[in-house]
Amino acid sequence: MKAGNKTLGPRLRVVLDTNVAIGPGQVDLLEAIAETGSISKAGRSMGMSYRRAWLLVQRMNSHFQAPLVETAKGGSSGGGARLTALGQDIATCYRQMEARAADVLAPEMERLRGLLASNMESRADDEEGAASP
C-alpha cells in the first residue's frame, strides 16, 4: 500500500556490488518507462525531473551486461524508450524478491505495527482520506 511517496511495509534495496544497488525507485522508474514508452513521461509520473530520470537510466544501463532501457531519438517517429528483455527481467526479479521479503517479514511487521502509538492509525487514515478525491 502506498502512502504518498512511501510504501508501507519493508522496502528492499539490493546491493549487488560496490556502488551497485537496485531499489524500489529504480524499479518504479523501469515500470513507468514500460508503461509510458518515455523516460520524460515516466519521470513526470513519479515527480522526477527528466534529467534525474535520464541519469538513473544511464546508471542502470551501465551496471548490467546489456542495457535495461533502449531509447530512440525523436523525429517523425516521435522517439521514445522501452524496456529491453533484460530490463523486464530485472524488474520482475526485483518484484519477486520484494514479495518474498514481505511474506517472510509479515509477522515482525505486525508486531512492530502493534507497538505504534495509538494515534498513528488515525493519522494514517486521515492522510489517506486527504489524498482521496
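Q: Why is Tyr 50 called partly exposed in this predicted model?
A: The relative accessibility of Tyr 50 is 45%.

Q: What makes Trp 54 buried, partly exposed or exposed?
A: Trp 54 has a relative accessible area of 28%. Buried would need a value under 20% and exposed one over 50%, so Trp 54 is partly exposed.

Q: How many aromatic pairs does a search of the whole structure find?
A: The search finds one aromatic pair.

Q: Why is the pair of Tyr 50 and Trp 54 called stacked?
A: The ring centres are 6.3 Å apart, and pairing requires centres within 6.5 Å. The ring planes stand at 20 degrees, while stacked applies to planes under 30 degrees apart, so the pair is stacked.

Q: Where do Tyr 50 and Trp 54 lie?
A: Both belong to helix α3 (residues 50-63), and their separation of four residues is about one turn of the helix.

Q: Which residues have the most contacts inside the largest nonpolar core?
A: They are Ile 22, Leu 29, Ile 33, Ile 39 and Val 69, in a core of 21 residues. Helix α1 gives the largest share of this core, five residues.

Q: What is Ile 33 in contact with, leaving aside neighbours within four places in sequence?
A: Its contacts are Ser 38, Ile 39, Ala 42, Val 57, Val 69, Ala 81 and Arg 82.

Q: Which element has the lowest mean pLDDT?
A: Strand β1 (residues 2-3) has the lowest, at 42, and helix α1 (residues 24-36) the highest, at 97. Where pLDDT is low, predicted coordinates should not be read in detail.

How values were computed: Residues are numbered from 1 along each chain as its sequence is written. This is a predicted model: local features need pLDDT of at least 70, side-chain atom pairs count only at pLDDT 80 or more; totals for chains, interfaces and linings use all residues. Side-chain values use heavy atoms; hydrogens and water are left out. pLDDT is the predictor's confidence in each residue, from 0 to 100. Helices (H or I, at least four residues) and strands (E, at least two) are DSSP runs, numbered from the N terminus. Rings of Phe, Tyr and Trp (its six-membered ring) pair if their centres lie within 6.5 Å; planes under 30 degrees apart count as stacked, over 60 as edge-to-face and the rest as tilted. Buried means under 20% relative accessible area, exposed over 50%, partly exposed in between (1.4 Å probe, protein chains only). A nonpolar core is a set of buried Ala, Val, Leu, Ile, Met, Phe, Trp, Tyr and Cys residues joined through side-chain atoms within 4.5 Å. Contact means heavy atoms within 4.5 Å.
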